Amino acid sequence: VDLCLVILQLLNLPLIKVLHLLIECLTLIDDSTNSILHTDKYSELETCIAMNSTLLEMKLQFKMNNNPIANQKIVTNVINGVTKNKTITSFSLEVDADSSPLSEGTIEHLLKENHTLQTLKLN
């Protein structure tokens, strides 16, 4: 499953206001095969979330694989996109992974920069 492409396709639905997505047994493509392509894809995901003007609520639940670098990229770019978004009022992120998929300072940046969130759940 290419998680970035799945989320991008869902976010491109023109009238989507609520996105609840549960992904289990996630297998991400190995970043070592084409790191430029993957970096662009993660950046595109972040930008798409940030620029989406119809989305009000996002709930993502991931059962992550054993690729901590890919896990960190996807989670960090999703949170960075929400940080920049001006319409999302409810954000929930639940991650089941062997190691923490968060980059240092990601949550602090979200709390400092996003002023539209009314509900936040991180697990």
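Is Cys48 buried or exposed? Select Cys48: with a relative accessible area of 15%, this residue is buried (buried means under 20% relative accessible area, exposed over 50%, partly exposed in between, with a 1.4 Å probe and protein chains only).

Before moving on, note that this is a predicted model, where local features need pLDDT of at least 70, side-chain atom pairs count only at pLDDT 80 or more, and totals for chains, interfaces and linings use all residues. Residues are numbered from 1 along each chain as its sequence is written, and side-chain values use heavy atoms, without hydrogens and water.

**The sheet.** Color the strands (DSSP runs of E, at least two residues, numbered from the N terminus, as are helices, runs of H or I with at least four). Four of them form an open sheet in the order β1-β2-β3-β4, with parallel pairing (a pair needs at least two DSSP bridges). Now pick β1 (18-23) and β4 (119-122): each has a single partner strand, so one side of each lacks a neighbour in the sheet.

Zoom in on β1 and β2 (residues 57-63), which pair in the parallel sense over six bridges. Find His20; opposite stands Lys59 in β2.

**The helices.** Select α1 (residues 3-11). This helix lies across β1 and β2, at about 160° to β1 (contact is heavy atoms within 4.5 Å; angles run from 0 to 180 degrees between N-to-C directions of axes fitted to C-alpha atoms, for helices over the stretch in contact). Show Leu3, Cys4, Ile7, Leu8 and Leu11 in α1: they are buried. Next comes α3 (residues 68-84), lying across β2 and β3 (90-96), at about 170° to β3.
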